[in-house]
Amino acid sequence: MGDPMFQLDTELAQQIFDYCRERLSENPVPLDLGSMANDTTVIPITSEGHAPQTILQHFREHMAPAVISIDSPGFLAFIPNAPTKNSLLFDMVVACSGLNGTSWLESQGVVVAENQALEFIAERAGMPQGSGGAFVSGGSIGNLSGLTVGRDVGVARRPGLERHQARFAISADAHSSVGRALHVLGIGALLVEPDDHRFTLENLTAALAADPHPETVIGVVATCGTTNAGIIDDLEGLGSYCRDHDMWFHVDGAYGGAAIFSESYRDTVSGIRHADSFIVDPHKWLFAPLDCAALVYRHPALARAVHTQEAGYLDILHDSSPSGDVDWNPSDFAIHLSRRARGLPFWFSLMTHGVERYEHAVEAAIDLATRAAERIEALDHVELVRDPSLSIVLYRRPGWTNEDYTEWSHQLLRDQVAFVTPTKWEGETIARLAFLHPDTSDELVEQILASMR
Ligand SMILES: *Cc1c(COP(=O)(O)O)cnc(C)c1O
C-alpha cells in the first residue's frame with residue numbers, strides 16, 4: 001500500500017508523458033506570449049488537493065502560454081538557450097533518477113560522467129591536464145565561486161595584505177554578476193576603462209600604473225564574449241601578464257566561452273588556456289537546458305581547500321572513497337552542497353551528437369550574425385553600430401526613440417514573429433540580435449529588419 005503521495009498514478013503519468021512528447025515534438029518551438037498572455041489566474045491550494053487533470057489543464061491553458069520560450073529560434077533577446085532534444089530527454093532521466101550530485105560516495109557514476117564533460121571543456125580551452133571543477137547553476141555562481149578562490153589564494157600569497165584590501169582588475173564592460181561577486185566577497189575592483197569595449201593588456205598596465213595601490217590587485221577578470229556585444233577581451237595579453245605576476249586570471253566565458261567549439265574563433269580565444277578559473281554556460285551556447293554552468297579550475301586542489309564544507313556528519317565524504325580511488329566531490333569546488341546532476345543533460349547531448357555537430361551548430365550562429373550584418377549594411381533604413389562579434393549584432397534604426405524601439409519589440413512578440421529587445425550602447429538605445437539557435441533563418445532576420453521601416 002504505502003502513502004498515497006508516493007503511488008504512481010499511471011493515467012496521470014501517461015498524460016504527463018504525452019504533454020512532454022507534444023512539447024518535445026514542436027519544431028520550431030513557438031515563442032509563446034510571455035506576460036502578454038495576461039491571464040494567469042491561480043487556483044487556490046486546498047487541504048484535500050485538486051484532480052491532477054484539472055491542474056495540468058490549467059497549466060496548459062493559462063500558465064504555459066504566459067512564458068516566452070527561450071528555446072524558440074525566434075528568441076533573439078538577452079542570451080537565448082537552445083537545448084537539443086537529446087539534452088531535454090536526458091534531463092527527464094535525471095529528474096526521475098534520485099541523484100544527488102554532491103559527492104563521490106553518493107554518485108560516483110554521475111561524477112565520472114560530469115567530469116568527462118568538464119575535462120573535455122578544459123582540454124578544448126587549452127587548460128592543462130588535471131584541470132577540473134564542477135557544474136554549477138549559472139555563470140553568476142560560477143563567477144562568485146571562482147573569484148572566492150582567487151581572493152583567498154591571492155591574499156594567502158601576499159603577506160601583509162588584508163583580505164578586505166584585495167581587489168580584482170575588471171573592465172567596465174564586465175558582466176554585472178562580476179561586480180555583484182566582488183560585493184559579496186567584500187572586496188573592491190580596480191575598474192579599468194577598456195579600449196572600444198575590449199579590455200587589453202595596455203588598459204591593465206595603464207590602470208595599474210595610475211593606481212596608488214597596485215600591490216592590492218590580486219587578479220584580473222577577463223570576458224570571453226561580453227553579453228551586450230560579444231566582444232572578446234585580450235585573453236592572451238591579460239592571461240600571460242597574470243601568469244608572470246602571480247595574479248589570479250579568471251575568464252568569464254558564460255556566453256562566448258562556447259567559441260572553444262568554433263573553428264573561426266579558436267585562435268581568438270586561445271588565451272583561455274592561461275585561466276586559473278574559467279566558466280562557460282552549457283545553458284547558453286552549448287545547447288543544454290537550464291540550469292548549467294561549467295566551472296573549471298587550473299588547480300582544483302586550491303578550490304577544494306577554499307570551498308570544502310566541514311561538518312562532523314560530512315567527514316565521511318572527505319575520507320577516501322570505498323573503492324580507494326581519489327574522491328571527487330563536486331560540492332568541494334563551488335558555493336553549494338546538495339546539487340542536481342545538472343551536467344548530465346549536456347554530457348548526454350555531447351556524447352550522442354558528437355563534437356562535430358557542436359562545432360557546426362556554434363558556427364551556424366556566428367554565420368547568421370555575419371549574414372545579418374551584411375543585410376543591415378545593404379538596407380537604407382537601418383545601420384550597423386559595429387561589426388558583429390561572435391553571434392551578436394548591434395544596429396540602429398536612425399530616427400527612432402527609445403519608445404519606438406520598445407513598441408516595435410512588443411509588436412514583434414504580439415505578432416509571434418520574434419522576441420528582440422533593444423539595448424543601450426554608449427548611452428543610445430539601439431537594436432540587438434543575439435543568435436544562438438542554428439535553426440534561426442535568414443528569412444526571419446529579413447522579416448525583423450523589414451518591420452523597422
Ligand atoms: C549570462 C552571463 C553571466 C551570468 O550567467 P548566468 O548563467 O545567467 O548566471 C555572466 N557573465 C556573462 C558574460 C554572461 O553572458
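**Ground rules.** I number residues from 1 along each chain as its sequence is written, and I keep to heavy atoms for side-chain values, leaving out hydrogens and water. Since this is a predicted model, local features need pLDDT of at least 70 and side-chain atom pairs count only at pLDDT 80 or more, while totals for chains, interfaces and linings use all residues.

**Entry 1: the seven-stranded sheet.** I looked up the strand order first, taking helices (H or I, at least four residues) and strands (E, at least two) as DSSP runs numbered from the N terminus. Two strands pair if DSSP finds at least two bridges between them. The order is β1-β7-β6-β5-β4-β2-β3, an open sheet with mixed pairing. Neighbouring strands are turned by 20° against each other on average, with direction ignored. For angles, axes are lines fitted to C-alpha atoms, for helices over the stretch in contact, and the values run from 0 to 180 degrees between N-to-C directions.

I then zoomed in on one pair: β2 (residues 167–171) and β4 (residues 217–223) run parallel and share four bridges. Here Ile170 sits opposite Val221 of β4.

**Entry 2: the ligand.** A polar backbone atom of Gly139 is 2.7 Å from a ligand oxygen. An N or O atom in the side chain of Asp281 is 2.6 Å from an oxygen of the ligand, and for a polar side-chain atom of His283 the distance to a ligand oxygen is 2.9 Å.

How much of the ligand does the protein cover? I get 85% of the 380 Å² of accessible area that the ligand has on its own, by the Shrake-Rupley method with a 1.4 Å probe.

**Entry 3: the four-stranded sheet.** This open sheet has the order β8-β9-β11-β10 and antiparallel pairing. Its edge strands β8 (383–384) and β10 (422–425) have a single partner each, so one side of each is left without a neighbour in the sheet. Four bridges join β9 (residues 392–396) and β11 (residues 428–434), and Leu394 stands opposite Arg432 in β11. Helix α13 (residues 355–378) lies across β8, β9 and β11, at about 15° to β9. Helix α14 (residues 402–414) lies across β9, β10 and β11, at about 30° to β11.

Entry 4: The Asn27–Pro28 peptide bond is cis, with omega near 5°; Pro28 is in the loop between α1 and α2. Leu290 and Asp291 are also joined by a cis peptide bond, with omega about -5°, and Asp291 belongs to the loop between α9 and β7. Lastly, Gln416 has a positive phi of about 60° although it is not a glycine; I place Gln416 in the loop between α14 and β10.

Technical notes:
Polar contact = N/O pair within 3.5 Å; in protein donor to acceptor, adjacent residues only side chain to side chain. Contact = heavy atoms within 4.5 Å.
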